[in-house]
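Reader: I am new to this structure and should like to learn how to read it. May we proceed feature by feature?

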Amino acid sequence: MKMSLRQLFAPALLAVALTPLAFAAQAGHHEHEGQRMNREAMMERMEERRQAVYQRAGLSEEQQAALNEAHAQHREAVLALREEHQARVAEILSEEEQQALRDAMHEMHVEYRQEHGHSGHGKRGYHSDSANEMDAEEAAVE
């Protein structure tokens with residue numbers, strides 16, 4: 001059975017189209033106090049690692065400060081872009097539709113991990129999907 005290009009690329013195009021929505025959907029998942037504390041701890045660990053890398057690379061304090069400033073500006077720009085995207089999604093979808101999209105994406109994520117033999121542990125040893133979602137969010141921001 002011969003497949004058309006449309007049939008071959010439709011799933012990939014759908015995945016590309018939904019990726020930005022995944023970040024918008026994740027935003028609502030991080031409002032619990034325990035997750036906020038985990039996020040703060042994770043940010044602190046990331047900063048410690050960044051400083052260790054700078055020292056290992058032999059960067060001067062001026063270079064480190066300049067890189068930290070560039071990182072902070074990048075983070076602010078990405079956060080602003082995410083807010084803009086979330087506003088656009090809100091213009092397109094109702095709250096109920098946004099929740100349905102988040103639920104569908106979460107279900108597909110769980111199914112994918114099960115199909116591909118991923119345990120509940122993330123690449124860094126986290127034990128829950130919420131921690132993995134935080135990783136994804138931070139990766140997007142970084």
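Author: Let us begin with contacts, a contact being a pair of residues with heavy atoms within 4.5 Å. Among contacts in the protein between residues at least 6 apart in sequence, 63% join residues at least 24 apart. This is a predicted model, in which local features need pLDDT of at least 70 and side-chain atom pairs count only at pLDDT 80 or more, while totals for chains, interfaces and linings use all residues. Residues are numbered from 1 along each chain as its sequence is written, and side-chain values use heavy atoms, with hydrogens and water left out.

Reader: What does the protein average in pLDDT?

Author: The term pLDDT denotes the predictor's confidence in each residue, from 0 to 100. The protein averages 76, and 59% of the residues score at least 70. Over residues 124-142 the pLDDT stays under 50, and for this stretch the model has 55 contacts beyond four places in sequence.

Reader: How many helices and strands are there in the protein?

Author: Helices (H or I, at least four residues) and strands (E, at least two) are DSSP runs, numbered from the N terminus. Here there are five helices and zero strands, and the pattern along the sequence is α-α-α-α-α.

Reader: What span should helix 3 have?

Author: The expected span of a helix is 1.5 Å times one less than its number of residues. Helix 3 (residues 61-92) has 32 residues and should therefore span 46 Å; its end C-alpha atoms are 47 Å apart, which agrees.

Reader: Which residues of helix 3 are buried?

Author: Buried means under 20% relative accessible area, exposed over 50%, and partly exposed in between (1.4 Å probe, protein chains only). In helix 3 the buried residues are Gln 64, Arg 75, Val 78, Arg 82 and Val 89. Of the 142 residues in the protein, 22% are buried.

Reader: How many salt bridges does a search of the whole structure find?

Author: A salt bridge is a side-chain nitrogen of Lys or Arg within 4 Å of a carboxyl oxygen of Asp or Glu. The search finds one: Arg 50 pairs with Glu 47, their closest N and O atoms being 2.4 Å apart. Both residues lie in helix 2 (residues 33-57), three residues apart, about one turn of the helix.

Reader: Why does Arg 50 count as buried?

Author: Arg 50 counts as buried because its relative accessibility is 16%. Glu 47, with a relative accessible area of 31%, is partly exposed.

Reader: Which side chain makes a polar contact with that of Arg 102?

Author: A polar contact is a pair of N or O atoms within 3.5 Å; within protein, one must be able to donate a hydrogen and the other to accept it, and residues adjacent in sequence count only if both atoms are side-chain atoms. The partner of Arg 102 is the side chain of Gln 99, at 2.8 Å.
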